[in-house]
Amino acid sequence: MMVKQHMLFTLCSICGIVLKDILAVSVAATKNKVRGAQGQFPIVQNMTVTEGGIANLTCRVEHNDNTSLQWSNPAQQTLFFGDKKALRDNRIELVRATSQELTISISEVTLTDEGMYTCSLFTMPVKTAKAFLTVLGVPKKPEINGLTKPVMEGDQITLTCVTSGSKPAADVRWFKNEREIKGAKEVNASGKTFTVKSSLQLQVNRHDDGVAYTCRVDHVALTATHEETTQVLEVHYAPYVEIKHSIPAPLEGQYLKLECVPHGNPSPDPVLWTKDGGELPDLDRVIVEGRELTFMALNKTDNGTYRCEATNHLGTSHAEYKLVVKDPNALPGPPDHALIGGIVAVVVFATLCLIIVLGRYLARHKGTYLTNEAKGADDAPDADTAIINADGNHAHAEEKKEYFI
């Protein structure tokens, strides 16, 4: 009996030791698991995508012990729990699901998909990370309003360029041909997108005819190109005329062509040629072809004032050309350079001789003046006698006259 009690006591002691060890191992394992869970954090990144594109949302965990990952949308609806799809949306697909990563894709992204997406790591407690999905609204092709064709010269018009659907607001720029010009910009919000307008006020003149005005839209969603629309102005204006001639100084027997060049819109065609206010004479020798008036061989009977007149529905204009035909035999010949040189040499020689003679004459008269000045005053005993003697010589002094040049 005593032996049985001893054996039972020994067995119980062993069981207690084993149970103690099991509990210690269990507690240690639990502590390690909690410590590991505390070091697990989901990692995500914000995403920007263009409307209509594809958004890939990735959630990663560096150290994971097979704890489940989950993606949910801004409405807190679960999209994927691990590799299990939770929301019926054909645009949302699984890309990759492992113990350390959960990546999903959203195709044909719309502006309503924008918002905060949450990745959850189901540890104790649950840990989350949030990624914001930004959706860029693509601006629509711009439209130019306010242009009517044709425009009359002097009219004032306003061109307005409009583009909608952009997010953020698009930048609208104007170009006149290739040169940028400034317009008045207006931005209006419409839900999540913006409508942008830009206006140009123009005082139209004839130089605007055929000018291209382009409205260009720049936006961050248009990475490779830009949207633009172009309108070409058609301006109607009264004509003005100029006459071009083939030779500057017409001579008898020469060929001469006069060209009437009218400018106007609509084009003033045909033109009317007249001479001295009347019809053109001798049409056999003077040829009118379209806007050109041609003289095959000029003579002096062609002299006169030729007038070209052009008309459209906005007015009439004219230009005149005075024709003076000269005789080629009566024209002065080239100057005789030898004769001109001889004349210049004679003039220079005569000038030098005159200067020499004049110099000698002045020198001789200057000496006579010094010799005869107050003649008889040198022998006077006093000043009064000198004056009297000098006065006495006035009769002789008048015989000598002095001339100054």
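**Exercise 1.** Determine how exposed Glu 228 is and which residue it pairs with.

*Solution.* Step 1: Glu 228 is partly exposed, with a relative accessible area of 29%; buried means under 20%, exposed over 50%, and partly exposed in between, with a 1.4 Å probe and protein chains only. The model is predicted: local features need pLDDT of at least 70, side-chain atom pairs count only at pLDDT 80 or more, and totals for chains, interfaces and linings use all residues. Residues are numbered from 1 along each chain as its sequence is written, and side-chain values use heavy atoms, with hydrogens and water left out.

Step 2: Glu 228 forms a salt bridge with Arg 216, at 3.1 Å from N to O; the term denotes a side-chain nitrogen of Lys or Arg within 4 Å of a carboxyl oxygen of Asp or Glu.

Step 3: Glu 228 belongs to strand 19 (residues 227–232) and Arg 216 to strand 18 (residues 212–218), 12 residues apart. Strands (E, at least two residues) are DSSP runs, numbered from the N terminus.

Step 4: The charged end of Arg 216 also sits over the ring of Phe 175, 4.3 Å from its centre; this requires NZ of Lys or CZ of Arg within 6 Å of the ring centre and within 35 degrees of the ring normal.

**Exercise 2.** Locate the salt bridge between Glu 101 and Arg 60, and state whether each residue is buried or partly exposed.

*Solution.* Step 1: The two side chains meet at 3.9 Å, N to O.

Step 2: Glu 101 is in strand 8 (residues 101–106), whereas Arg 60 is in strand 3 (residues 55–61), 41 residues apart.

Step 3: Glu 101 counts as buried at 13% relative accessibility, while Arg 60 is partly exposed at 46%.

Step 4: Arg 96 joins Arg 60 and Glu 101 in a network of salt bridges. The structure has 16 salt bridges in total.

**Exercise 3.** State how many aromatic pairs the structure holds, and describe the pair of Phe 81 and Phe 122.

*Solution.* Step 1: There are two aromatic pairs; rings of Phe, Tyr and Trp (its six-membered ring) pair if their centres lie within 6.5 Å, and planes under 30 degrees apart count as stacked, over 60 as edge-to-face and the rest as tilted.

Step 2: The ring centres of Phe 81 and Phe 122 are 5.3 Å apart and the planes stand at 65°, so this pair is edge-to-face.

Step 3: Phe 81 is partly exposed, with a relative accessible area of 35%, and Phe 122 counts as partly exposed at 35%.

Terms used. Helices (H or I, at least four residues) and strands (E, at least two) are DSSP runs, numbered from the N terminus.
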